[in-house]
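Open the model in your viewer and keep the sequence panel beside it. This tour tells you what to select at each stop.

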Amino acid sequence: MKLRDVMTNPVIRIHPEESVSVAARTLTRYNIGAMPVCGNDGRVCGLITDRDIVTRCLAAGRSPGTTTVREVMTSHVVAVSPDMDTALAAGLMGREQVRRLPVMENGKLCGMVSIGDLAVKEETSLEAGDALTEISGHLSSTN
């Protein structure tokens with residue numbers, strides 16, 4: 001199975017100069033935990049998660065109304081192709097310790113795939129479970 005078969009599309013995205021408060025409201029409105037950050041050219045320059053907002057803005061004592069998404073986003077983004085096999089994507093998630101991957105085609109964002117997207121498909125649920133185990137094992141070993 002390919003990622004194009006399980007990815008979410010269209011993708012909610014945000015501009016890097018938007019405020020963190022706009023990002024938080026957008027995440028809440030769409031009931032999502034992360035969204036890609038895209039510049040004027042439409043290319044992905046980062047990813048902002050609810051955890052980024054809490055740890056890099058709120059816990060750091062910064063104001064969400066005046067702090068930009070660019071200041072708190074995760075700038076190292078691992079992206080994949082829509083033609084990637086879902087089992088390979090699950091393995092990549094485990095190795096990279098991420099739960100979500102932007103899907104890019106011809107340099108443009110065309111979807112998002114989460115570990116949850118993989119877990120609900122019978123064909124990929126085992127790989128998703130393995131990836132989550134690897135991610136969770138890393139988290140517990142660093143605490």
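This is a predicted model: local features need pLDDT of at least 70, side-chain atom pairs count only at pLDDT 80 or more; totals for chains, interfaces and linings use all residues.

Residues are numbered from 1 along each chain as its sequence is written, and side-chain values use heavy atoms, without hydrogens or water.

**Whole protein.** Color by secondary structure. Helices (H or I, at least four residues) and strands (E, at least two) are DSSP runs, numbered from the N terminus. Their order along the sequence is α-β-β-α-α-α-β-β-α-α. Now show the surface. Of the 143 residues, 41% are buried. Buried means under 20% relative accessible area, exposed over 50%, and partly exposed in between (1.4 Å probe, protein chains only).

**Helix H4.** Select residues 86-96. Which residues of H4 are buried? They are Thr86, Ala89, Ala90, Leu92, Met93 and Gly94. Next, go to the start of the helix. There, a side-chain oxygen of Asp85 comes within 3.0 Å of the backbone nitrogen of Ala87.

**After H4.** Step to Gln97, just past the helix. Its phi is positive, about 60°. Then pick Arg99, in the loop between H4 and strand E3 (100-105). Why does Arg99 count as partly exposed? Because its relative accessibility is 36%. Arg99 and Val113 lie 14 residues apart in sequence, and their C-alpha atoms are 8.5 Å apart.

Terms used:
A polar contact is a pair of N or O atoms within 3.5 Å; within protein, one must be able to donate a hydrogen and the other to accept it, and residues adjacent in sequence count only if both atoms are side-chain atoms.
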